[in-house]
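Colleague: I have a new chain open and would like to learn how to read it. Could you take me through it feature by feature?

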Amino acid sequence: MRLKTFRELTYQKQQADEQDKNAYEAVLEQVRGYIAKAHAEALAQSITEKGAAETVKQFIAEYLGKHHLHIDGMNMQQLADRLYGDMVGFGFLDKYIADSDIEEINGNSWRDIEVVTKTGWHKIPERFLSPQHAEDTLRKMVRLGGLVLDGTNPIVDSYITQGIRISVMIPPVADKRSGAVFSIRRQRMTKVTQAQLVQWQTATTEMLDFLALCINHGVSIGIAGKTGSGKTTDISYLLNAVDSGKRIYTIEETRELDLFCEDEDGTAQNRVIHTCTRPSDMQNANIDMNDLLRKALRFSPDIIAVAEMRGEEAMVAQEAARTGHTVVTSLHANSAKKAYNHILSMCQMSGTNISTSILMSFVAEAFPVMVFKRQMPDGTRRIIEIVEATGMKNGAVETSTLFRFDMQNGEYVKVNGISEALANVLIENGASEAVVVRFGEVMT
């Protein structure tokens, strides 16, 4: 009887390993399909909640037993743990994603990763095993948002679960030596009160009262600032300060706003429609902010909240704001006045033939009040200025500063009162004349 050569034995082992791998992947795909269909919400919660993770593992184990699925060399619990890890687990990143004190996880390369908290940033000791390991892990993350990361789609903005965004770039866009680069941001969905914002030194009570007065009485507001400056937090406060009888329609890329107000029996006490965009690689399946904005107008909202304008949706937003809807939105800009220029440039992305000067006047009319927010070196997030658009001169928006933060003295200052035109709009929309007069006065 001829003995098998070492090469033959090695080949047989490789064949057996390949069969085991194929068998496992077949089980993984079957279980993944079941969990995604029957327990999608629990799967999403399991990313940040330990209890939910154990629940999902139990669902997997029950499914394996019911359908008599097994893999040689693993018992039921081992197989359930491995399947769960391959469906949701992200290796060493898991503990940082689950840590509620961490606001961002930023990967400068596959072996250079840092985390950001309220007190600052620091690099972590862990790293991926290789550039390919990083890509494989990040590909799994963006897949949770329904998108594909590969060589033909090397830049992806997606989400891991509700309130956690992820942006990824891989070669050839990113440097090959760096491999994948990424940013994971946690969005806090807590309801913020006026008292908290004042305590955090975001603004004064008077400033917040003024913004709430505007949003409740037909005056649209833009909030400008850099990423991480706290714009969404301010939008959350304003929308939670809206009268319960007004209908609110929100548009976001990932759910950050939580406006539902219910009594002990779960009965809704306010009128809110939350919507999210749906990126897709399939033709004609992508739903962007422009789509949701146009759809919003058919739902008769009193207030439309566009979480963050980045492009041509600004054209529809300003049209809505000029035709009877109150709009609150955020955008990136370096000052309140420069925010008007940025909105103009975004409107022009729509391909409009309206002249620049007329379009700029539309933008100023649409957003009479503009806020500028900044994160300070000490970590506090402050409203630096609130301005009113008072007119046009030589094609540019003229503004009057209502409130500002005095950097030298470290205090908020009321600079000017609101214009008579703005006061009239507020009064015509039901605001108390006595309250409006208060914001027309300037303390000397």
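Modeller: Start with surface. Accessible areas come from the Shrake-Rupley method with a 1.4 Å probe. Here the chain's accessible surface comes to about 22800 Å², and carbon and sulfur atoms account for 49% of that. Keep in mind that this is a predicted model.

Colleague: How many helices and strands are in the chain?

Modeller: The chain has 15 helices and 15 strands. Its C-alpha trace spans about 105 × 55 × 45 Å along the principal axes.

Colleague: What percentage of the residues in the chain is buried?

Modeller: Buried means under 20% relative accessible area. Of the 444 residues in the chain, 46% are buried. For contacts, take residues at least 6 apart in sequence: 56% of those contacts join residues at least 24 apart.

Colleague: Now charges. What is the general idea?

Modeller: Side chains of opposite charge can pair when their charged atoms come close. A search of the whole structure gives 15 salt bridges. One of them joins the side chains of Lys95 and Glu126, at 2.8 Å from N to O. Lys95 sits in helix H5 and Glu126 in the loop between strand S3 and helix H6, so this pair ties together parts 31 residues apart in sequence.

Colleague: Which residue forms a salt bridge with Glu104?

Modeller: Arg185 does, with the closest N and O atoms 4.0 Å apart. The pair links distant parts of the chain: Glu104 is in strand S1, Arg185 in strand S6, and 81 residues separate them. Glu104 counts as buried because its relative accessible area is 18%.

Colleague: And where do Arg438 and Asp209 lie?

Modeller: They form a salt bridge, the closest N and O atoms being 3.4 Å apart. Arg438 lies in helix H15 and Asp209 in helix H8, so the bridge ties together parts 229 residues apart in sequence. Arg438 is partly exposed, at 34% relative accessible area. Asp209 is partly exposed too, at 25%. Salt bridges can also share partners: Glu54, Lys57 and Asp81 are joined into one network that way.

Colleague: What should I check for a charged residue with no salt bridge?

Modeller: Take Glu388, in strand S13. Glu388 is buried yet has no salt bridge. The nearest side chain of opposite charge is Lys414, 11 Å away.

Colleague: Which side chain makes a polar contact with Glu388?

Modeller: The side chain of Ser419, at 2.4 Å. Leaving aside neighbours within four places in sequence, the residues in contact with Glu388 include Pro368, Thr399, Leu402, Ile418 and Leu422. Another acidic residue, Glu398, is in contact with Glu388 as well.

Colleague: Let's go back to helix H8. What about Asn216?

Modeller: Asn216 lies in helix H8. Asn216 is buried, with 7% relative accessible area. A polar atom of its side chain lies 2.8 Å from the backbone nitrogen of Asp243. Not counting residues up to four places away in sequence, Asn216 touches Ala241, Val242, Asp243 and Lys246.

Colleague: Is Ala212 buried or exposed?

Modeller: Buried, with a relative accessible area of 12%. Ala212 is also in helix H8, residues 205-216. Beyond its neighbours within four places in sequence, Ala212 is in contact with Tyr237, Leu238 and Ala241. Compare sequence and space for Ala212 and Asn240: they are 28 residues apart in sequence and 9.4 Å apart, C-alpha to C-alpha.

Colleague: Where is Thr254 found?

Modeller: In the loop between strand S8 and strand S9. Thr254 is buried because its relative accessible area is 5%. Outside the four places on either side in sequence, Thr254 touches Tyr159, Arg165 and Cys276. The C-alpha atoms of Thr254 and Thr119 are separated by 25 Å, and the two residues are 135 apart along the chain.

Colleague: Last one: surface patches. Which residues make the nonpolar one?

Modeller: Ile155, Met169 and Val173 make a nonpolar surface patch of about 240 Å². Met169 is in strand S5, residues 164-169. At 33% relative accessibility, Met169 counts as partly exposed. A patch residue needs over 30% relative accessible area, so Met169 passes that cut-off at 33%.

How values were computed. Residues are numbered from 1 along each chain as its sequence is written. This is a predicted model: local features need pLDDT of at least 70, side-chain atom pairs count only at pLDDT 80 or more; totals for chains, interfaces and linings use all residues. Side-chain values use heavy atoms; hydrogens and water are left out. Helices (H or I, at least four residues) and strands (E, at least two) are DSSP runs, numbered from the N terminus. Buried means under 20% relative accessible area, exposed over 50%, partly exposed in between (1.4 Å probe, protein chains only). A polar contact is a pair of N or O atoms within 3.5 Å; within protein, one must be able to donate a hydrogen and the other to accept it, and residues adjacent in sequence count only if both atoms are side-chain atoms. Contact means heavy atoms within 4.5 Å. Patches are made of residues with over 30% relative accessible area and no salt bridge: like charges are joined within 9 Å, nonpolar side chains (Val, Leu, Ile, Met, Phe, Trp, Tyr) within 5 Å.
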